[in-house]
Amino acid sequence: MKLSDFEAVIGLEVHVELKTATKIFCSCPTDFGAEPNTRCCPICMGLPGAMPTLNRRAVELAVMAGLALHGTVLPLCRTDRKQYFYPDLPKAYQISQAGVPICRNGYLTIATPDGDRDIGITRIHIEEDAAKLIHADGRTLVDYNRSGVPLIEIVSEPQLRSGKEAADYLRNLRSILVSCGITDGKMQEGSLRCDVNVSVRPLGSAKLGVRTEIKNLNSFAFTEKAIEYEVRRQCELICRGEAVRMETRRYDAASGKTVLMRTKERAEDYRFMTEPDLPPIFLSEEEIETLGNALPELPEARAARLSKTYGLPEGDARILCEDALLADYFESAADVCAYPRLAANLLLSELLRYCESEPFSSPVSARRLSVLAELMGEGTVNSSTAKKLLLRLCEGDFDPRETVEREGLAQILDTELLTRAIMETLAENPRAVADYKNGKTAAMRSLQGRVMARTAGRAEPVLTEHLLKQILEEYEVEPHV
Amino acid sequence: MNELVRRSLTEHRAALDRREYSSVELTHAYLNEIERREPIVGAFLTLNTEKAIQAAAQADARFAKGEGRGMLDGIPYALKDNFCTRGLRTTCASKMLADFMPPYDASVVTRLSDAGAILLGKVNMDEFAMGSTTETSALGVTRNPVNPDYVPGGSSGGSAAAVAALEVPFALGSDTGGSVRQPAAFCGVLGMKPTYGVISRYGMIALASSLDCVGLLTRTSDDCGAVLSCLVGRDEKDATSVMHPNSQFFKNERISERPLRVAVVRELLEDDEISPDIRCATVRAIEVLRERGAELGEVSLPSPEAALAAYCVISAAEAASNLARYDGIRYGRTTDGADDLFSLYAKSRSEGFGVEVKRRILFGTYMMTEDKRDLYYDRAREARGRIGERMHQILRQYDLILTPTTPTAAFKRGSALTPTQRRRADLCAVYASLAGLPALSVPFGRNTDGLPLAVQLVGAPYSEGLLLETAKCLEEVCQ
């Protein structure tokens with residue numbers, strides 16, 4: 001059997017830090033990067049006698065996540081204790097939801113080469129984060145600042161088939177959750193991290209293979225690479241006649257491999273118990289509806305709208321909507337511009353490179369972008385001039401229309417002027433002309449570039465190309481003496 | 001002995017208000033009594049002498065300015081050692097927490113100190129409130145003040161002994177399955193377990209969260225009402241706490257003019273476990289209430305065996321979970337000889353916990369394992385549901401249920417009882433715990449050995465006022 005005879009079965013458990021001011025069961029702040037153990041109290045330290053009280057905002061954000069992912073929010077759910085010993089777990093149990101979660105049966109759409117596919121979301125539940133262990137100098141220290149930070153866990157159905165699909169799923173998920181204000185989505189700070197379950201099976205087989213779990217992946221790229229590696233590893237094991245073992249692995253970014261953390265002979269027994277210190281969580285229809293109404297336009301719907309309103313290609317619209325701030329920026333430019341599609345092109349192909357990506361902000365105002373698109377659209381400047389102007393705008397603001405006039409940057413549409421420039425270029429480049437005549441069509445490009453250079457990039461490209469072809473057909477190379 | 005200490009809380013209040021004596025004098029009187037009685041009683045684990053006298057002086061200053069804070073201002077009390085007290089050692093009578101200094105006060109402690117009550121010290125208990133004799137305490141021996149050869153009961157044995165020995169006018173305990181009512185009965189004082197949730201549990205070190213209640217120990221029903229009035233109320237730090245529809249339990253008035261309807265539980269009168277002296281006291285209590293116009297009826301409850309079994313499983317499962325945090329990492333006892341993380345846990349816990357605590361942790365953990373929970377834990381929860389339903393059903397037809405508090409009077413210290421036998425002391429108490437209902441143990445005479453006897457009144461949710469009023473009828477007969 002070869003790699004292509006296998007199918008990968010991949011499910012994701014994504015942990016998302018909720019954007020609340022305070023922790024899930026106490027009033028300690030959730031800010032990142034504070035001095036260790038300065039954001040904790042008897043409750044998140046698990047001191048004797050301390051009791052949790054539920055931060056309702058965490059519940060609301062979880063409900064919003066459920067609605068944004070097309071799930072069913074349950075009117076009544078509970079919290080449960082997941083019990084195990086570890087130094088990062090001060091109560092020796094994590095308050096989570098084992099039985100009834102906040103939300104069930106959602107889905108998330110990803111684009112695949114075969115078209116869009118809905119990936120099922122089994123459940124979304126709330127839980128508390130654990131403390132952070134810091135291993136240093138042969139000792140292990142515990143920082144309880146993160147202990148009790150509110151999380152939601154989003155569990156997908158095992159319907160993903162490749163690392164790429166998993167990464168796309170994550171990207172879309174992050175984009176939805178960030179645009180709804182549910183999380184800040186900062187992956188480098190651990191606001192969004194995932195555990196991946198991977199198994200492989202022969203193509204066409206309905207039976208699931210033995211799965212492994214890769215823990216704690218905190219970037220799209222690592223997730224994709226870890227899965228690709230793990231799928232290959234499992235296929236190779238099976239091809240060699242060896243068995244895949246049920247085990248927990250981690251991704252080693254340096255080697256690009258997954259490595260064994262621990263084997264799971266039996267599923268761990270967490271002795272789940274309904275949390276007796278917290279009453280059940282009730283969610284009325286009105287409350288769910290209010291939270292649903294508070295959701296902004298979701299990226300998918302927004303992309304469809306942008307595509308329709310501004311005539312953008314679907315792919316471009318989707319990229320714009322992955323980041324709500326980027327989409328906001330585009331819309332404020334497009335709204336005052338007769339050529340929104342050109343504005344999108346300039347933004348995606350040029351400007352984005354110069355933007356701070358986290359969170360999105362542009363050095364060029366939306367108004368300026370729209371003017372550039374207009375200068376291009378109405379034919380005043382060609383695209384190469386527009387790009388140059390954009391680059392200059394990144395360094396400092398000015399009025400592009402006035403600059404074009406003052407610096408004479410408008411493109412040359414005058415046939416006479418262009419013909420003269422072409423004739424001069426051809427005269428200076430007999431070799432290229434000869435190449436063209438001998439059937440080397442690539443020479444055409446080079447000549448066109450030289451015409452551009454001669455006109456300081458102002459020649460109108462389409463007209464130039466047309467004229468150049470015409471002239472070349474009739475052009476006689478003067479024999480060298 | 002200063003005769004002052006004999007007076008009830010209510011009498012102290014009146015005297016303090018009349019300026020007959022000061023809170024400092026009162027505090028000294030009790031501190032002296034503690035000094036005199038402790039060698040025999042052994043109720044206290046930690047004394048708060050200096051701060052108590054300071055607090056009493058502050059109370060006196062308030063009285064002088066006419067700024068008294070009400071019923072409990074300037075009144076001394078004792079706390080079971082499972083309530084967190086900021087800067088005052090809180091041990092749960094365990095080696096595990098022998099040096100634990102909480103950084104915060106339990107909500108009831110805050111309430112009492114805001115009300116001006118004077119904390120004299122922390123009193124002994126069964127380790128982590130697991131036991132019914134106070135003999136599982138790792139930190140001291142407490143004797144029954146009525147007869148030091150006998151146990152004070154438990155787990156709030158120190159609280160009951162301190163109140164009975166006139167070392168304090170009132171004390172707080174915790175009642176999970178009788179831990180306030182049973183020692184109150186053994187020592188001859190009043191013990192109340194209120195409706196589940198009406199007093200905040202925040203800062204009371206958990207045994208079994210779904211059963212735990214803050215309990216009150218006093219010498220009279222009026223005193224109990226006074227303390228209860230101060231403690232009830234919703235606390236936002238305890239998500240399971242509820243608002244009590246009444247806020248004053250001091251002057252109890254009859255809720256309605258019609259005769260009191262009292263249910264007597266057949267199983268808890270006829271059971272072989274119930275000793276003749278207890279049965280006799282219960283029957284006499286029934287007669288007293290009948291003479292006062294009560295209508296009596298006989299009812300049946302699910303078997304005490306079932307109730308006790310459900311209680312044991314649920315309380316052990318929750319206790320195992322609640323006590324898992326004592327892992328030697330952040331506070332409490334840490335072993336010296338650990339090579340790795342697992343042995344750090346195992347050794348710290350093996351060294352820190354006593355036999356009864358270990359027994360219950362093992363039992364509770366086992367009951368919760370994946371292949372056993374449906375057999376034990378899930379069934380226990382079902383049984384609990386049935387018992388609760390039945391109790392509520394009875395209390396729709398009757399105003400209250402009258403039973404013995406305990407099957408027998410106090411037993412001798414060091415009796416070679418098995419853990420199962422010791423637990424039978426909770427036989428009558430667990431029903432109200434499982435159902436979350438208020439229950440009051442009222443002292444009712446003594447047996448031929450001079451040991452206190454008691455009956456238990458169980459009412460509908462929030463009927464504490466009615467229980468106290470009924471207790472008053474019984475008190476009057478005994479005086």
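**Note on a predicted two-chain model**

1. With 15 C-beta neighbours inside 10 Å, N105(A) counts as partly exposed, because that class lies between exposed, at 12 or fewer, and buried, at 20 or more. The model is predicted, and everything below should be read with that in mind. N105(A) belongs to strand β6 of chain A, residues 103-112. Its phi is positive, about 55°, although the residue is not a glycine. As background, most residues other than glycine have a negative phi.

2. A second residue of this kind is found in chain B. T134(B) is not a glycine and has a positive phi of about 70°. It lies in the loop between β3 and α5 of chain B. Is T134(B) buried or exposed? With 33 C-beta neighbours inside 10 Å, T134(B) counts as buried, because the cut-off for that class is 20 or more.

3. The loop between β3 (118-123) and α5 (157-164) of chain B also holds S155(B). The peptide bond that leads from G154(B) to S155(B) is cis, and its omega is near 10°. For comparison, most peptide bonds are trans.

4. Strand β6 leads on to the sheet of chain A. This is an open sheet of 9 strands with mixed pairing, in the order β2-β6-β7-β10-β1-β11-β12-β13-β14. Which strands stand at the edges? They are β2 (72-73) and β14 (257-263) of chain A; each has a single partner strand, so one side of each is left without a neighbour in the sheet. The partners β2(A) and β6(A) pair in the antiparallel sense over 2 bridges. Within this pairing, T72(A) has R104(A) in β6(A) as its bridge partner. In general, strands of a sheet pair through backbone hydrogen bonds.

5. Chain A also has a hairpin, made by β8 (residues 132-136) and β9 (residues 139-143). These strands run antiparallel and are joined by 5 bridges. L133(A) is bridged to V142(A) in β9(A). Between the two strands there are 2 residues, and D137(A) takes a positive phi near 50° in this hairpin. How many of the 5 residues of β8(A) are buried? The count is 0, and the strand is hardly covered.

6. For chain A as a whole, the secondary structure comes to 15 helices and 18 strands. Of its 481 residues, 42% are buried. Among contacts with a separation of 6 or more in chain A, 69% are between residues 24 or more positions apart.

7. The overall dimensions of chain A deserve a separate remark. Its radius of gyration is 29 Å, whereas a compact globule of 481 residues would have one near 23 Å. Taken along the principal axes, the box filled by its C-alpha atoms is roughly 100 × 55 × 50 Å. Chain A is divided into domain 1 (3-287), domain 2 (299-407) and domain 3 (415-474). The C-alpha centres of domain 1 and domain 3 of chain A are 60 Å apart.

8. Chain B is assigned domain 1 (3-231), domain 2 (261-303 + 391-478) and domain 3 (307-368). Here the C-alpha centres of domain 1 and domain 3 lie 27 Å apart. Contacts between these two domains of chain B involve 20 residues of domain 1 and 17 residues of domain 3. The side of domain 1 that touches domain 3 has 11 nonpolar, 7 polar and 2 charged residues.

9. The chains touch each other. The contact takes 25 residues from chain A and 33 residues from chain B. On the chain A side, the residues divide into 16 nonpolar, 4 polar and 5 charged.

10. The largest nonpolar core has 274 residues, and A62(A), A343(A), Y77(B) and A171(B) have the most contacts inside it. Which helix gives this core its largest share? It is helix α10 of chain B (residues 304-322), with 11 residues. Not counting residues up to four places away in sequence, A62(A) touches I102(A), C103(A), I124(A), I126(A) and I152(A). Another core lies apart from the largest one; it has 11 residues, including L418(A), L426(A), L447(A) and V451(A). In soluble globular proteins generally, nonpolar side chains tend to be buried together.

Note on methods:
Residues are numbered from 1 along each chain as its sequence is written. Chains are lettered from A and ligands numbered from 1 in the order in which they are written. This is a predicted model: local features need pLDDT of at least 70, side-chain atom pairs count only at pLDDT 80 or more; totals for chains, interfaces and linings use all residues. Domain bounds come from an automatic or database domain assignment. Two residues are in contact if their C-beta atoms, placed from the backbone, lie within 7 Å. Ala, Val, Leu, Ile, Met, Phe, Trp, Tyr, Cys and Pro count as nonpolar, Asp, Glu, Lys and Arg as charged, and the others, Gly among them, as polar. Helices (H or I, at least four residues) and strands (E, at least two) are DSSP runs, numbered from the N terminus. Two strands pair if DSSP finds at least two bridges between them. A nonpolar core is a set of buried Ala, Val, Leu, Ile, Met, Phe, Trp, Tyr and Cys residues joined through C-beta atoms within 7 Å. The radius of gyration is taken over C-alpha atoms; the globule rule is 2.2 Å times the number of residues to the power 0.38.
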